[in-house]
Amino acid sequence: MTAIAPDAGQPLKFGRIRPGQILIWTVLLLGGLLMITPILYMFSTSLKTASQVYDLRLIPAAPSFDNYVKVLSDGNFMRWFLNSSFIAITVTLSNLFFDSMVGYTLAKFEFRGRYFIFLAILSTLMIPTEMLVIPWYLMSAQLHWLDSYWGIMFPGMMTAFGTFLMKQFFETVPDDFLEAARIDGLNEFQIWWKVAMPLVAPALSALAIFTFLGNWTAFFWPLIVTTSRELYTLPVGLSSFSDAQDTRWEMIMTGAALATIPTLIVFLVLQRFIVRGVMLAGLKG
Amino acid sequence: MANIELRGLVKSYGKTTAVHGIDLDIADGEFVVLVGPSGCGKSTTLRMIAGLEDITAGTLKIGGEVVNEREPKQRNIAMVFQNYAIYPHLSVAQNIGFGLYTAKLSKAEKDQRILATAKILGMEDLLKRRPSELSGGQRQRVAIGRAMVRDPVAFLFDEPLSNLDAQLRAQMRIEIKRLHQRLGTTIVYVTHDQIEAMTMADKIVVMRDGRILQVGTPTELYESPVDVFTARFIGSPSMNLVPGKAAGDTLTATGATIAGLDSASASGDVLIGVRPHDLVVGEAGASGLSLSGAVTAVEPLGSETLVHLDIAGTEVIATAPGKLVPKVGSTITAAALPGSLYLFDATTEQSLGRR
């Protein structure tokens with residue numbers, strides 16, 4: 001039997017599967033298992049009692065939702081959940097607005113120093129967060145932003161990555177679209193908002209997902225900048241289930257399981273826009 | 001509607017000058033086509049008229065008013081772009097209505113104007129569709145609709161048909177011409193396609209290297225080109241050029257016989273031009289130009305056949321009646337009558353008149 005040529009364009013049939021195909025599927029399957037196993041264990045542990053936590057069976061002997069009831073009835077958890085929601089949503093909206101505005105300016109306007117500004121923004125990508133935490137902390141202390149929502153949010157309100165991503169996407173928007181709007185009488189802000197932004201919807205969706213997830217799961221900086229328990233974000237709050245004497249894994253896993261829900265919603269909602277955006281971007285002139 | 005006046009218009013990008021001080025008068029309601037090869041400055045000139053490029057020097061007047069410093073939106077002109085520039089996220093109605101974005105009209109008035117425009121373009125059934133659901137020609141109509149809906153003083157077209165296939169291009173040429181006849185609005189149209197220029201224009205402006213070479217009606221340009229470039233650029237297939245010599249009263253050319261024609265004031269090296277449609281396969285006449293050479297290729301077009309001949313190393317195209325298709329490799333004679341020859345100075349390439 002002749003093997004199907006890679007460019008044959010025919011659907012694969014049973015009995016014609018190539019060895020390479022089997023290898024690819026095996027690797028993908030192993031990769032998938034590797035990624036999903038911790039999540040399955042997270043859900044499994046959330047259904048166990050404290051004494052069953054180190055029993056590594058995936059399906060608990062006596063599954064129970066008691067942990068969920070305990071976590072949700074604890075006022076702190078809901079507070080942390082709302083804190084994380086507020087911070088992640090605010091920072092995401094801020095990034096969508098400012099990153100795209102700066103990206104658009106760098107992509108579509110000619111001005112002196114444009115390249116230098118772009119390089120300066122890019123260079124901040126090379127600095128690890130751990131190095132930035134000290135200046136951020138000193139700045140927050142001097143401006144009395146410690147232990148406040150603003151203190152948690154300000155370092156991420158605009159990012160070099162987001163600016164870079166948006167600049168790259170805006171460069172793909174044909175100038176004719178913007179010039180047509182200019183002739184139609186729109187001002188520069190209206191052109192950006194009404195014409196350019198809808199055309200980079202896929203990039204905005206991607207940026208929204210990255211920013212929301214990054215801020216939803218942020219731990220290091222919120223831990224440093226907050227001291228009041230009521231200002232904790234969800235990851236910081238969940239870590240408080242662990243102390244020098246004890247780590248309550250079943251509670252941490254229950255909180256973590258609940259914390260995945262908003263991220264799943266964000267991804268499912270925005271994924272639609274990404275697909276639609278790719279279709280729009282594929283429309284030929 | 002308005003007239004447009006260009007006086008000494010210059011566009012420079014740093015040390016590079018794209019447009020070298022051009023002068024042009026476009027009358028109210030006139031259809032003017034700027035034509036020339038890529039990089040000749042025709043699009044830059046159009047963009048200066050639109051206000052999308054700053055004017056380095058010179059004066060631009062629209063409707064008698066100097067508009068050099070005015071923003072595009074203040075010039076009340078509309079532009080149709082090569083790639084249509086219609087927004088994929090908006091419906092046809094929203095795209096057409098985009099031209100009214102800043103108009104101080106009620107929604108009902110806007111809707112009425114959108115519908116009226118769509119009717120003129122035969123698109124009233126497509127108003128709710130997205131651009132992705134339209135054909136190339138329909139997208140082009142939407143772009144024209146967006147320009148029309150504002151009732152501008154002039155339309156600017158920047159190679160609007162380049163993305164269409166040959167058949168649709170021919171159809172859209174007629175549609176744009178009809179639209180001009182119906183609206184009577186001034187149109188400045190940029191193209192590199194001389195057929196578009198010839199078929200649509202009231203006045204053609206031939207440009208090269210940022211300068212205007214010749215301005216005239218299509219017939220004037222075809223009949224009386226000022227130089228070799230214009231002569232070869234206008235007309236399809238391009239004009240044949242045979243190197244020759246003018247001395248005293250006689251005109252001679254390598255591989256050709258010229259009888260009954262004098263060189264008049266010309267002397268020295270010349271280029272003798274003859275359009276393929278004037279050079280007909282058959283016996284030489286008593287006077288005029290006759291050429292004999294080997295057939296290198298034939299292009300039967302049905303109504304006629306284009307015959308490529310090798311005349312002493314120069315390729316020349318002649319025409320033969322449709323049913324006559326000479327064999328490649330055979331030697332044939334083609335002749336042109338007196339009055340159909342163009343003489344050019346071989347050095348300056350400027351026209352020396354017709355013979």
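Author: **Helix α8 of chain A**

The buried residues of α8(A) pack against α3 (75–108) and α9 of chain A, and also against α1 (42–50) and β6 (77–80) of chain B. Helices (DSSP runs of H or I, at least four residues) and strands (runs of E, at least two) are numbered from the N terminus. Residues are numbered from 1 along each chain as its sequence is written, while chains are lettered from A and ligands numbered from 1 in the order in which they are written. The model is a predicted one, in which local features need pLDDT of at least 70 and side-chain atom pairs count only at pLDDT 80 or more, whereas totals for chains, interfaces and linings use all residues.

Helix α8(A) is mostly covered, since 7 of its 9 residues are buried; a residue is buried if 20 or more other C-beta atoms, placed from the backbone, lie within 10 Å of its own, exposed if 12 or fewer do, and partly exposed in between. The buried residues are Phe177(A), Leu178(A), Glu179(A), Ala180(A), Ala181(A), Arg182(A) and Ile183(A). Just after the helix, Gly185(A) takes a positive phi of about 100 degrees.

The neighbours from chain B lead on to the contact between the two chains, which takes 15 residues from chain A and 20 residues from chain B, two residues being in contact if their C-beta atoms, placed from the backbone, lie within 7 Å. On the side of chain A that touches chain B, the elements that give two or more residues are α8 (175–183) and α9 (188–199) of chain A, and the largest share, 6 residues, comes from α8(A). The residues of that side divide into 9 nonpolar, 2 polar and 4 charged, where Ala, Val, Leu, Ile, Met, Phe, Trp, Tyr, Cys and Pro count as nonpolar, Asp, Glu, Lys and Arg as charged, and the others, Gly among them, as polar.
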